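Dear colleague,

I am handing over the structure below for your files. My notes on what was found in it follow.

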Amino acid sequence: MHSHRRVVKKPSDLDELWREQLRTSRPLISSKPSSVGFRIITKCLAGCVMCGYTNAGKILSLDQFKRAAEELLPTAKQVLLIGGEVLQHPDFYEICECAYQYGVDVHITTNLYKLNGRRAKAIEGFLSVVKVSADGASKRTYESIRTHLSFDRLVDNLQTLAEIRNRNPKLQL
């Protein structure tokens with residue numbers, strides 16, 4: 001007897017599978033992954049010349065994240081929070097805290113533009129790896145690519161991130 005299996009041919013097929021799983025609470029996978037990636041947001045304010053993300057994207061709700069985390073994170077070793085710009089997510093702190101409670105290493109990739117307040121506390125308290133995406137090592141190059149961001153702010157936020165790293169030596173940059 002053959003079980004009915006769906007073939008994922010394009011990203012939108014996978015999105016539909018996840019929406020169905022969240023809607024019905026039926027598991028779509030028979031084994032648990034050790035590494036899980038969540039696209040928690042498709043919004044980004046950077047205005048990168050090579051990218052299609054805008055500030056009009058969507059977010060994964062905290063409730064949706066918690067339901068998926070309950071299904072996927074108990075056996076996972078790491079979780080990758082990706083986007084858009086993850087620091088723009090209104091529940092970034094809570095999502096990181098939730099993932100951390102499963103004992104997984106929490107990784108993000110960020111343009112670091114919104115590093116402040118609870119976002120900085122989430123990085124310090126819950127994250128294992130922070131990758132900073134920056135196109136250009138000069139103000140002119142950086143701002144010609146990330147048209148809505150400030151190179152000076154990036155430099156300031158990199159300094160803040162270095163200070164966080166000094167307080168949390170396990171944080172990998």
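This is a predicted model.

Strand E1 (residues 35-41) and strand E2 (residues 78-83) run parallel and are joined by six bridges. Within this pair, Arg39 has Ile82 of E2 as its bridge partner. To get from E1 to E2 the chain goes through helix H2 (residues 62-72), and the β-α-β crossover made in this way is right-handed. Further along the pair, Gly83 in E2 is the residue opposite Ile41.

The pair belongs to an open sheet of four strands, ordered E1-E2-E3-E4, with parallel pairing. E1 and strand E4 (129-132) are the edge strands; each has a single partner strand, so one side of each lacks a neighbour in the sheet. From one strand to the next, the twist averages 20 degrees.

Helix H3 (residues 92-100) lies across E1, E2 and strand E3 (105-110). The direction of H3 is at about 150 degrees to E3.

Next, a helix pair. In general, the packing of two helices is described by the angle between their axes and the distance between the axes. For helix H4 (residues 117-126) and helix H6 (residues 151-167), the axes come within 9 Å and cross at roughly 35 degrees. The crossing of H4 past H6 is right-handed. On the H4 side the contact is made by Ala120, Ile123 and Glu124, and on the H6 side by Leu161, Ile164 and Arg167. By class, the residues of this contact are four nonpolar and two charged, with no polar ones.

Finally, the protein as a whole. There are six helices and four strands in the protein. Read from the N terminus, the elements follow the order α-β-α-β-α-β-α-β-α-α. The protein has 173 residues, of which 36% count as buried. Taking contacts between residues at least 6 apart in sequence, 65% join residues at least 24 apart.

Regards

Note on methods. Residues numbered from 1 in each chain as written. Predicted model: local features only at pLDDT ≥ 70, side-chain atom pairs only at ≥ 80, totals over all residues. Heavy atoms only, no water. Pairing = 2+ DSSP bridges. Helix = DSSP H or I, 4+ residues; strand = E, 2+ residues; numbered from the N terminus. Right-handed = clockwise from strand over helix to strand, strands pointing away. Axes fitted to C-alpha atoms, helices over the stretch in contact; angles between N-to-C directions. Left-handed = near helix turned anticlockwise from the far one by under 90°. Contact = heavy atoms within 4.5 Å. Nonpolar A, V, L, I, M, F, W, Y, C, P; charged D, E, K, R; others polar. Buried < 20%, exposed > 50% of the residue type's maximum accessible area, 1.4 Å probe, protein only.
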